[in-house]
Amino acid sequence: MTAARAPEQAGAPDGIRMLYAGAAIVACLAGIYFIRDVISPVFLAMTLVVTVRPLVLWLNERRVPKFLSALIGMLVVFLVLLAILFAVVVALSQFVAAMPSYADQFNELYTQASTQLMAWGVSQEMITQWVTTFDYTRLLGYVTGVMTQVGFWATFIGSLFLFVAFIAIDLSDTTERRAKLAVLRPNLAAALLDFSWRVRRYWVVNTIFGLAVALINMGILAWLQIPLVLTWGILSFVTAYIPNIGFIIGMVPPALMALLARDVQTMVIMVAAYVVVNFIASMVIQPKVTGDAVGLNITTTFISLVFWALIIGPLGAILAVPLTLFFKAVLFDADPRTRWVSVFLGGNLDDVATGEPAEEKPAEESESEPEPEPESERASEDGPEPERS
């Protein structure tokens, strides 16, 4: 009787621990939701600093002082952010300045569409009701409304730059902390190193793909003679950081411009070309390359996109993959008992077995920083190790 109940008793604590872990995760996510305006710039700053970390280590190998190399890495992040910010502001300004000149074309299209709908049996009252909920002036108001939130964007960008500076300086010398963490929590140290390596590859791969697809899209728009080619190219590049659905967001405004500035046929050709190019790049090639780089499958990436957009907000769509990688590293990869969850998230079996990616990672900070002192030597200096029961 006792032997028959032993498996149940042995399994009960694991189930209770899972319930406790689930409750803790829900409470943690609720806390993140309420402080999302702080979490998003902090986490983005951390991933950006981690991405330029190889440059800092390379400078350290050239005998550049660590504080100076950290300052150079920080300036590189600042320059990239300022370039993207300037490009987005210029693109939005050009779009807002150009849209009023197409009001007559919009009204003409509205008249043609109304005539066609009435020919199909749609009443004038229904058409008027639709127009009152969506008109050209309101569409333009949505676009300008984004630009008028100067206070919000100024606060966010200022916080982001401030956090980048703090984190870059704080990570200028991590030798002692890495050594202590490797001794106290070796699995967690390996998981965090794996996270930094994967998130770095994610930003690099997405940037390369986004730039390549943006150039191809600009070529399509220039061939079709659609106005504001540079504006739509910048939009395509920025939305490339949104997994799976980013190209759809980047396709709608230039399609509307093609309809207003050219005709329906041009818009159809442009949408078809966009879908073919972006489907092959964003749905076929990039998920495979990104999945191999970060260890997440397409389903996990899409679910994380929706999930983090609900928790963090619009920026959660851009940070979806890095956030998922971070929580995967801390909650699952750091504990051998839960590392099997990575199989369902798209991780390689070798990753799950060892806690490190199957591909060889560069030896981070191996040459620029001294190795941690072996335990045996520390024990001889500090005295004999106390006996453990």
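**Notes on a pocket, a cavity and a helix**

1. The model is predicted. In its second largest pocket, the lining consists of 17 nonpolar, five polar and five charged residues. The pocket holds about 1,000 Å³ of space.

2. There are 27 residues in the lining of the second largest pocket, and those nearest its centre are Ala21, Ile25, Leu331, Phe332 and Val341. The helix α1 (2-34) is one of the elements that supply at least two lining residues, along with α14 (298-312), α16 (320-333) and α17 (341-345). With nine residues, α1 gives the most to this lining.

3. Four cavities of 30 Å³ or more are present in the structure. The volume of the largest cavity is about 320 Å³. It is lined by 28 residues, with Ala240, Pro243, Asn244, Ser282 and Gln286 closest to the centre.

4. The lining of the largest cavity has 14 nonpolar and 14 polar residues, and no charged ones. At least two lining residues come from each of α10 (186-223), α11 (229-239), α12 (246-261), α13 (264-294) and α14. The most come from α13, which gives eight.

5. Helix α2 (residues 36-51) has 16 residues, so at 1.5 Å a residue it should span 22 Å; the C-alpha atoms at its ends are 22 Å apart, in agreement. Buried residues in α2 include Ser40, Pro41, Phe43, Leu44 and Ala45. Also buried there are Thr47, Leu48, Val49, Val50 and Thr51.

Note on methods. Residues numbered from 1 in each chain as written. Predicted model: local features only at pLDDT ≥ 70, side-chain atom pairs only at ≥ 80, totals over all residues. Heavy atoms only, no water. 1 Å grid on protein atoms, 1.4 Å probe; cavity = no way out; pocket = protein on both sides within 12 Å on 5 of 7 lines; lining within 4 Å. Points joined across faces, edges and corners; volume = space filled by probe spheres on them. Helix = DSSP H or I, 4+ residues; strand = E, 2+ residues; numbered from the N terminus. Nonpolar A, V, L, I, M, F, W, Y, C, P; charged D, E, K, R; others polar. Expected span 1.5 Å × (residues − 1). Buried < 20%, exposed > 50% of the residue type's maximum accessible area, 1.4 Å probe, protein only.
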